[in-house]
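Here is a briefing on aromatic contacts. Look through the structure below, then read the points that follow.

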Amino acid sequence: MKNKVKVKIKGKIRGYLYAVLGLGVLLILVDIYTFFESLKAGLLLAAFIAVYFAVVLILLYKNSPSLVYELISFATQYGQIQKQLLKALDLPHAILDENGEIIWTNTAFDKVVGDSKGISKSIHHIFPEITLNMLPDGVDDFNENEFELNYNYGEYLCKLKKVSVKEMAENSNLIETENYEGYLIALYLFDNTALKLALREVDDQSLAIGLVYLDNYDEVMESVEEVRRSLLTALIERKINKYMSSVDGITKRLEKDKYMVILRKSAVAQLKSERFDLLDDVKTVNIGNDMAATLSIGIGLDGLSYAQNYEFARAAIDLALGRGGDQAVVKNPEAVNYFGGKSQQVEKNTRVKARVKAHALSEIINSKDQVFIMGHKRGDVDSFGASIGIYRIAKVLERKAYIVLDTVTTSMQPMVDMFVNNPDYDPDMIINSDRALEEVGNNAVLVIVDVNKPKMTECEDLIKKCKSIVVLDHHRQGSDVVENATLSYVEPYASSTCEMVSEILQYTADNIKIKNEEADCLYSGIMIDTNNFNQKTGVKTFEAAAFLKRNGADVVRVRKMFREDAIEYKTRADCVSEAEIYRNYYAISVCGSEGVASPTIVGAKAANELLNITGVKASFVVTDYQNVVYVSARSIDELNVQVVMEKIGGGGHMSIAGAQFESANVNDVIDQIKDTLDSMIENGEIN
């Protein structure tokens, strides 16, 4: 659209010039009145008015160009002064057009960018961070924008403000534009380098609180001669003190196996960059002890007070211990970071903890009217077997119990069939989520088994409705946990949740008896999660299996329940045969789902079988089923697959983990797994 620009006098100046014409109109009114009083006086005044108008009009139109010239000369001189002041302004300033092209800059801006010929360049060419969509557009509610940017080691607050050309013209006393809606963009840079540097310095000097626990103190002390125990303790403590003092930290021993650390936030950043090599260093302490000592470290920082930092440290150390120990956890208000966790958790031989938890669980159930039991979504043999064990405890304590189950997979179907339409059990023993939400009362307890993440439970809404919650799980904890649980029993060293529940059953009541079907379910959970007792088994695993055998578990009956049909067997074989060995150590494959009732179970079995290949440290099987991509990750002892899965949004256990992606592509998920492995190898997280 062509601009129409004309120069004319307007505004107050125009009003002053035309005021004399207004006075002439007033004289005409006075003259009319005079005619009625005196004809002679009226004629004389009319003659005067005619001469007055002639002189005024001649002066107005004859001198108007000269007046405009004088005004323009003044405005030009004033504008030059204003331009020089703006050019010399210490604040970096530039004017852009609608497309982000630079049309004017001042001296301070040229100094910042180091280019006095920046005109006609795009602002994106100088500051790549400023994209076209960040510029203020013509919309009224987006007249300005501000953000931070870095340039040549400087930090600036950049402000962009839209300036309408039409508004500028309307505020001018000389220039008037018609039919033009364009605008300019004023850019200002405020140098915050010194301020940011000072704030970072203050932030780096802020204090962080740390807690250091010896995971296996009792076991390590028992593995060394008594006369050497004090020396072993001293050597471990010296390692901790030396490590923390190297970053100007202070260490205070709280108990025989617990230490408190105070250090700067900048020191925490250094420890994170070193990936807390104290975890590996302390394992080198050996004076004849058969077992290496391992540490758990929890650090809290960025809290509003020292007390809050301490609470963060407490939560971090709980996470480290809940994930199996031998790792460091750093917690702040926004995130939780994990380091280490490469070694297997040592099984605790003591039964004290299980007895205490069993007693606490009995007291909780006794105080409630209803017991709701649920596992994770698309439950497996371990979650259902553990649910059956808790159901038996509730029945022994004479409480109404429900098992919440929405989907019955093919692997679970033989177990579920043993209880459906069984006269020995209540008809409403197994209910779905909707029914559970209807039945739940004010005095109910919810027992969550085989999962500790709320989003992965069968019915997350049920957690909100139950005031009393119990969590029983053998997976390592993450940052997303069930909050305010009345009782939490999470043991990563346990082979399965069924093992934990079997142990609790023995302490619930004297000479407790469980039925054959229940013993089979619990035994099945242990058998499946240990891959037929070949993986992650300990003394307690076999003791639990022996207890279940004494109560009627039949190995042959259990084996028959888990036989595969021909299609599933062939699908699993195809998955194994088509596996890709990535970077010589990691088996990655895709499990088909066509014609298979529970492809995720088949995928998990295929992942276990891939570990039988020589040299494979970990296996990852990807399954696309019902618009969700499932990942089954398995390892023996050389890689913590839980850490790998956590990096892509999943979780699990050190040797058994997984992840789920809704509406995702299989190839994209595989690429994400490969990228994660590459990144961990480059960062030294994987040897």
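**Aromatic rings and their contacts**

Phe 533 is buried, with a relative accessible area of 18%; buried means under 20%, exposed over 50% and partly exposed in between (1.4 Å probe, protein chains only). This is a predicted model: local features need pLDDT of at least 70, side-chain atom pairs count only at pLDDT 80 or more, and totals for chains, interfaces and linings use all residues. Residues are numbered from 1 along each chain as its sequence is written, and side-chain values use heavy atoms, with hydrogens and water left out.

**Aromatic pairs**

- The count comes to ten aromatic pairs (rings of Phe, Tyr and the six-membered ring of Trp, centres within 6.5 Å; planes under 30 degrees apart are stacked, over 60 edge-to-face, the rest tilted).
- Phe 109 and Phe 127 pair edge-to-face, 6.3 Å centre to centre, with 80 degrees between the planes.
- Phe 109 lies in helix H3 (residues 107-113) and Phe 127 in the loop between helix H4 (123-126) and strand E4 (144-151), so the pair ties together parts 18 residues apart in sequence. Helices (H or I, at least four residues) and strands (E, at least two) are DSSP runs, numbered from the N terminus.
- Both Phe 109 and Phe 127 are buried.
- Tyr 523 and Phe 533 form a tilted pair: 5.8 Å centre to centre, 50 degrees between the planes.
- Tyr 523 is buried too, at 9% relative accessibility.

**Cluster**

- Phe 384, Tyr 391, Phe 419 and Tyr 425 make up one aromatic cluster.

**Charge over a ring**

- The charged end of Lys 258 sits over the ring of Tyr 213, 5.0 Å from its centre (NZ of Lys or CZ of Arg within 6 Å of the ring centre and within 35 degrees of the ring normal).
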